Every structure is written in C-alpha cells, then in structure tokens.
Amino acid sequence: VHCLMLRRIFDRFPRGVRSFAKAMPKTDDAWAKALTSPAPGVSPRNKYAGLVMNAAYNLDCVVPVREDFKYLSAAFLDVKTIDAVQDAASTGATSDFVDDMDIMYKASQASPAEIEKLDKADKATVVKALGKYKSLSPLTLHLLGSFLDEGIIEQIPEIAEDFEESAAKFLKEVKVEVTSAAPLSDRQKAQLLSVVSKNVGSDASLLLTEKTDPSLIAGFKLMIGDRYIDLSAKKSLDGVMDTL
C-alpha cells in the first residue's frame, strides 16, 4: 500500500507549482523516505495517519497539515461531502475532486454574505472570488487524491483523529483543564501554569481550558493530560464526612 500511494502522489505532483517548507521530493526514493521515515516520539495507530504524520514531519509542514485535517474531519461528517466524494469516485475525476475540496476549504473561510452572492455563480467566478483565501497545504491536496484512489476517503475522520493525537505529541502539547469554584484571575492562572510547567517539562506547550463548578466550594480540580488532581474544598469536606 505504501508503494501504491507513493506512485500516485509522485505522478500527480505538478512540478514547479507548489513547494513545502523543505525541498519538494523529486524522486521515488525521496518520496518513499518522506512517507515512511517515522516522526520522532509518535506511533500512530492508523497506518494512513502514520503516512500523513511521517510526510508532514519530513517535509516540515506538521502545523498546516494539522489545520487542514481538522477541517477535513468535520467536512467528511457532512452528508453532502460524502455524496460529492461518491460522485467523484464514480466518474473517476480525482483531480476535479481535489480541486473541489480546495474550493470548499476556501469557501469555509468566506463570510455567509459572500457565499450567498456566489450561490448561483459559475465555477470560474467562484474560483476567482475565493482566490484570496488560504488553500489546503500541498501535501494535504495530494494525499486527498491518493485517499480517493485508495478508496479510503470516508475514513478521513478516523485518520484525522489519530493524526491529531500524533501531532499533539510531536508538538509536545499538554492539555490542562482546571475546574474551580469561581473563575481564576490572570495571576492565578499564570501561577498554576508555572507549577504545571515545572512538572511536565519546560519545553511543553500547555493548552489551558477553564470550567467553573460552585459545588467545589473552594480550590480546584486539575486534569493534566490523563492525570487527575483534586484540590477542592469539597474533596476535603467529603473526606471528613466519610470519617464521621
């Protein structure tokens, strides 16, 4: 499957049109290395997510590809998108499908008013009007075509989920969820993150989300990755009540 995908990506890549942060692979061997050389510190469960992660790492475009797959994950849960995919697969127009997906991505960045104006416009007019918006990354566009050829395009939400987990690990992101009895001040949040950072590593990128729960009385509960810490007054009070 790796060789087949490699061949399809390599054949479809328009020379001199697009580039990555690193030099674009120019040979089959270079493409094979980009797709199969493992990204450090991650091991995706899904083999296709693994190919995406490897290529994104080796071509230095993890962040833009991650953004793309977040969009695609949601898009491929939409019935209209699935219908369009099935239509493209039946006609065999892979390049048209890839172009249409890029147009859809650009359209997602436009305002509702702008989309309404383009509702009855021809494709050339739509493409020109949306040209000011960001495209899907080159790697994403070519992987989309390969996924269609492989017949796995409807698996994109699952591939995206596994790729997102791998990208977060590679970027050393740690989710920190704090639930407090009352909203924390900026100073309290800074102090909290400083303590957490010392325990998870100074090079980690902490992603803080906040919730409030008055039933905690005081203090807070923390989820740091998959670790749970309860420092609430309610926890202490429940412990006292249990001993009575």
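Burial and salt bridges in a predicted model

Modeller: F97 sits in helix 6, which spans residues 94–107. Helices here are DSSP runs of H or I with at least four residues, strands are E runs of at least two, and both are numbered from the N terminus. This is a predicted model, in which local features need pLDDT of at least 70, side-chain atom pairs count only at pLDDT 80 or more, and totals for chains, interfaces and linings use all residues. Residues are numbered from 1 along each chain as its sequence is written, and side-chain values use heavy atoms, with hydrogens and water left out.

Biologist: Is F97 buried or exposed, and what makes it so?

Modeller: Buried means under 20% relative accessible area, exposed means over 50%, and partly exposed lies in between (1.4 Å probe, protein chains only). F97 has a relative accessible area of 4%, so F97 is buried.

Biologist: How far apart in space are F97 and L144?

Modeller: Their C-alpha atoms are 8.7 Å apart, while in sequence the two residues are 47 apart.

Biologist: Why is the contact of E165 and K169 called a salt bridge?

Modeller: A salt bridge is a side-chain nitrogen of Lys or Arg within 4 Å of a carboxyl oxygen of Asp or Glu. For E165 and K169 the N to O distance is 3.6 Å, so the pair meets that definition. Both residues lie in helix 10 (residues 156–170), four residues apart, about one turn of the helix. E165 has a relative accessible area of 34%, and is therefore partly exposed.

Biologist: Which residues are linked with E165 and K169 in a network of salt bridges?

Modeller: R45 and D162 belong to that network along with E165 and K169. The structure holds 11 salt bridges.

Biologist: How do you know that E177 and K211 form a salt bridge?

Modeller: Their side chains meet at 3.6 Å, N to O, so the distance is within the 4 Å limit. This pair links distant parts of the chain, with E177 in strand 1 (residues 173–180) and K211 in strand 2 (residues 205–212), 34 residues apart. E177 is partly exposed at 27%, and K211 is also partly exposed, at 46%.
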